[in-house]
Amino acid sequence: VGGNELGLSGMRAIATSAFFFNLKSLNVARNRIGAAGVRALAASSFFSNLTSLDMGSNDLGVEGMRALAMSSFFPNLTSLCVERNEIGSAGLQALAASSSFQKLTFLNVRSNQIGDQGLEALAASSCLPSLRSLRMVDNDIWAAGMRAFAVSSIFRNLTFLDTWIREVR
């Protein structure tokens with residue numbers, strides 16, 4: 001249902017429908033659901049079978065990312081896309097501190113202004129042991145963030161990395 005302008009009311013309708021219980025993949029990218037829409041989804045127990053969730057370009061912000069990170073209803077999620085949502089370093093810190101994403105193998109945080117602080121939090125996290133692929137292009141990352149990333153043991157299992165950094169000093 002990506003790109004259909006669902007908005008908050010559409011997201012609430014999806015989040016409260018038991019018909020989606022067996023759903024494995026949900027693409028709600030580009031639907032203007034905002035933080036309130038994420039809260040509705042994160043509070044729904046109907047999505048415990050999801051393995052893939054694409055919430056790109058939905059104006060989630062820090063509040064939306066925190067709601068997603070605090071949810072316990074995504075135990076089987078292996079792929080998460082939250083690109084272009086202005087989650088900032090605080091949003092990525094919330095995700096990195098969450099124990100709800102133990103099975104996550106793919107994470108796309110492209111274009112979110114995560115900066116060095118967000119990358120440092122991700123690098124220090126022990127909550128993403130299955131992570132294999134990371135897309136973090138266009139995030140205002142400098143040398144300090146990449147240094148933390150380079151020495152982090154959590155990333156030793158990465159098989160895919162998509163990034164660029166600012167000038168290395």
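This is a predicted model: local features need pLDDT of at least 70, side-chain atom pairs count only at pLDDT 80 or more; totals for chains, interfaces and linings use all residues.
Biologist: OK, so is Phe47 buried or exposed?
Modeller: Phe47 has 0% relative accessibility, so it counts as buried.

Biologist: And how many aromatic pairs are there?
Modeller: The count is one aromatic pair. Phe47 forms it with Phe20, and the two are stacked, at 6.3 Å centre to centre with 20° between the planes.

Biologist: Where do Phe20 and Phe47 sit in the chain?
Modeller: Phe20 is in the loop between helix H1 and strand E1, while Phe47 is in the loop between H2 and strand E2. They are 27 residues apart, so the pair links distant parts of the chain. Phe20 has 27% relative accessibility and therefore counts as partly exposed.

Biologist: Switching to helices, how do the axes of H2 and H3 cross?
Modeller: At roughly 5°, and the axes come within 8 Å. H2 and H3 are therefore roughly parallel to each other.

Biologist: Which residues make that contact?
Modeller: H2 brings Ala35, Val38, Arg39 and Ala42, and H3 brings Glu63, Gly64, Ala67 and Leu68. By class, that is five nonpolar, one polar and two charged residues.

Biologist: Last one: where is Ile154, and what does it touch?
Modeller: Ile154 lies in the loop between helix H6 and strand E6. Leaving out residues up to four places away in sequence, Ile154 touches Leu122, Ala123, Ser125 and Leu128. Its relative accessibility is 13%, so Ile154 counts as buried.

Note on methods
Residues are numbered from 1 along each chain as its sequence is written. Side-chain values use heavy atoms; hydrogens and water are left out. Axes are lines fitted to C-alpha atoms, for helices over the stretch in contact, and angles run from 0 to 180 degrees between N-to-C directions. Helices (H or I, at least four residues) and strands (E, at least two) are DSSP runs, numbered from the N terminus. Angles under 35 degrees count as roughly parallel, over 145 as roughly antiparallel, 65 to 115 as roughly perpendicular and the rest as oblique. Contact means heavy atoms within 4.5 Å. Ala, Val, Leu, Ile, Met, Phe, Trp, Tyr, Cys and Pro count as nonpolar, Asp, Glu, Lys and Arg as charged, and the others, Gly among them, as polar. Rings of Phe, Tyr and Trp (its six-membered ring) pair if their centres lie within 6.5 Å; planes under 30 degrees apart count as stacked, over 60 as edge-to-face and the rest as tilted. Buried means under 20% relative accessible area, exposed over 50%, partly exposed in between (1.4 Å probe, protein chains only).
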